[in-house]
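Here is a short tour for a first look.

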Amino acid sequence: MIDAILTYEFLQNAFGAGLIIGVIAPLLGVFIVVRRLSLIADALSHVTLAGIAGSLYLSQSVAAFATLNPLFLGIAASVGGSVLIERLRTLYKHYEELAIPIILSAGIGFGAIFISLAEGFSNDLFGYLFGSVSAVSREDLLIVGAIALVVLAFIALFFKELFVLSFDDEYAKASGLPAKWIHFMFMIVTALVIAGSMRIVGILLVSSLMTIPVATAMRVSKSFKQTIVLSILFGQASVIAGLVSAFYFDLAPGGTIVVTSILFLLIVLIYKKIAVGMKRGAIA
Amino acid sequence: MDAPLIEIKGISYEYEATKALDNISMKVEKGDFLAILGPNGSGKSTLLKIMLGLIKPSKGSIKLFGVDAKNFKHREWIGYVSQKSNSFNAGFPATVEEVVAGGLAKKAGLFRRLPKTVHEDVLEALKAVGMDQLLDRSISELSGGQQQRVFIARALVAKPKMLILDEPTVGIDHQNVQAFYDMLASLNRDKGITMVMVTHDVDTVTDRVSHVACLNQTIHFHGFKEQFQTLSDEERASWYGHSVRKIHHTGGGH
């Protein structure tokens, strides 16, 4: 496997992007999960689909789009979707969750229109939907790297504010933290991670890499920082195992990565059940 | 003489065409322990949110520490303890130490790390509320009363000059409520922290505070607790909307 990675550029791109996503998706995912925004990640991934499909369609008819990486329009759609979600959440103050199905269905709706308008990009589209080991270009890797720098800088600069906001948003506002702006930037960064991750994991499975490793880590961690570290470890292990198995068995990496992360979750759940049972037995 | 810590003049607040607060004027001086009493829907929490700058009044002005609230920059001087059930994410994976350290975020400032003394600061705040033994425990494992003490410690860690508390005893069992108010009274007495607290516990709290304000859309009474305690049940009922009897609690302790 190592020889293959050293030999083939597409594998270097896939593993490079995978390793980066294995860090940033669960890292941001911790904040998404504790802030109960998991479904927003799903909504944004479907908006990204509309952007990608739109770009692929336009590349057939508009010369300027023929050479443009579809990831750019995917990123633009995702960021635009995150802004729209926030606007809708403000508009429907008492029904904030309504923003999610509205944006999610809008994403699928536009995506379906672009897919049916264009014909002949089913292979490309399959890669975007479920991830691909072979389709990650050097440009994709550079985009993912740039997104990672933005995410890491954002988390490093606003970690303490994000923690307070996630734990208790009313307290964050009352204590004078710029909660509104930090939340807005958080949504933009989330949109970037979703758009960046979908080359490897696929649009339909990207939110799972942000949530399943976190769900696993939360069962065994004792502190917030430990939750972050364990989420990244579970995420990273899922990406590596998923990519290796996808390469050897010629499977979509999105599927293998997510199934691996679910296996980790099951192992941890069983371990916790046994540990709690043993503890109760010892007390009795 | 120091400026009042809070000075409210002619505040009114309307929400969806309903008047929640009508022409409120009051002052909170340094060292006061003020209990704001009132029935459900009387506008108590709205008044606190206006004091904190979370919502803007429809009319009137508010000064914090002698400065117009719009221009007030030292938010770290005011510690806030919300109703636990309202805002706290109960399953949050964090230790008591991490939660309390969050109280230093505003004081440290944007783009800056928490101070190097964060551990000592957190320990000191937890000692003040008798919770220093639980530093490493997960916040979700604690009882309601313990959690609320942790939130007081979070408000104390930045060494505020004033604490604003919104029904802090919601979810705490009766025996621990008395001990909780004793702790607040000692923070006011020993550390000189000014307290403004919204509560329903009329007679438990009036033994421990210095001032009482009775609110039901407008201020019906604001004065020393001794004056409040001389009010008859009928006088209290006239603003409370229904009968308010003096109840003597027995027991207590923690």
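## Where the chains meet

In this predicted model, chain B and chain A bury about 2,600 Å² between them, with 63% of that area on carbon and sulfur atoms. Chain B gives 32 residues to the contact, and chain A gives 26 residues.

Which side chains form the salt bridge? A:D168 and B:R154 do, at 3.0 Å from N to O. The count between chain B and chain A is one salt bridge. Eight residue pairs between the two chains are in polar contact, both residues of each pair being at pLDDT 80 or more.

Several helices of chain B take part. Helix 1 (44-52), helix 2 (84-87), helix 3 (96-101), helix 4 (105-108) and helix 6 (144-156) each supply at least two residues of the side of chain B that touches chain A. Helix 4 of chain B gives the largest share, three residues. Sorted by class, this side of chain B has 16 nonpolar, nine polar and seven charged residues.

## A helix in chain A

Helix 10 of chain A runs over residues 179-201 and has 23 residues. From its first C-alpha to its last, helix 10 reaches 31 Å, close to the 33 Å expected at 1.5 Å a residue. Is helix 10 of chain A largely enclosed or largely open? Of its 23 residues, 18 are buried, so helix 10 is largely enclosed by the rest of the structure. Just after this helix, A:G202 takes a positive phi of about 95 degrees.

## Two loop residues in chain B

B:S138 lies in the loop between helix 5 (118-128) and helix 6 of chain B. B:K161 sits in another stretch, the loop between helix 6 and strand 7 (162-166) of chain B. Their accessibility is set out below.

| Residue | Relative accessible area | State |
|---|---|---|
| B:S138 | 13% | buried |
| B:K161 | 41% | partly exposed |

B:S138 counts as buried because its 13% falls under the 20% cut-off. The side chain of B:S138 makes a polar contact with the side chain of B:S140, at 3.0 Å. Leaving out residues up to four places away in sequence, B:S138 touches B:A94 and B:T95.

What does B:K161 touch, with residues up to four places away in sequence not counted? The residues are B:L5, B:F65, B:W77, B:G192, B:I193 and B:T194. B:K161 and B:G31 are 130 residues apart along the chain, and their C-alpha atoms are separated by 9.0 Å.

Definitions and conventions
Residues numbered from 1 in each chain as written. Chains lettered and ligands numbered in written order. Predicted model: local features only at pLDDT ≥ 70, side-chain atom pairs only at ≥ 80, totals over all residues. Heavy atoms only, no water. Helix = DSSP H or I, 4+ residues; strand = E, 2+ residues; numbered from the N terminus. Expected span 1.5 Å × (residues − 1). Buried < 20%, exposed > 50% of the residue type's maximum accessible area, 1.4 Å probe, protein only. Contact = heavy atoms within 4.5 Å. Buried area = accessible area lost by both parts, 1.4 Å probe. Salt bridge = Lys/Arg side-chain N within 4 Å of Asp/Glu carboxyl O. Polar contact = N/O pair within 3.5 Å; in protein donor to acceptor, adjacent residues only side chain to side chain. Nonpolar A, V, L, I, M, F, W, Y, C, P; charged D, E, K, R; others polar.
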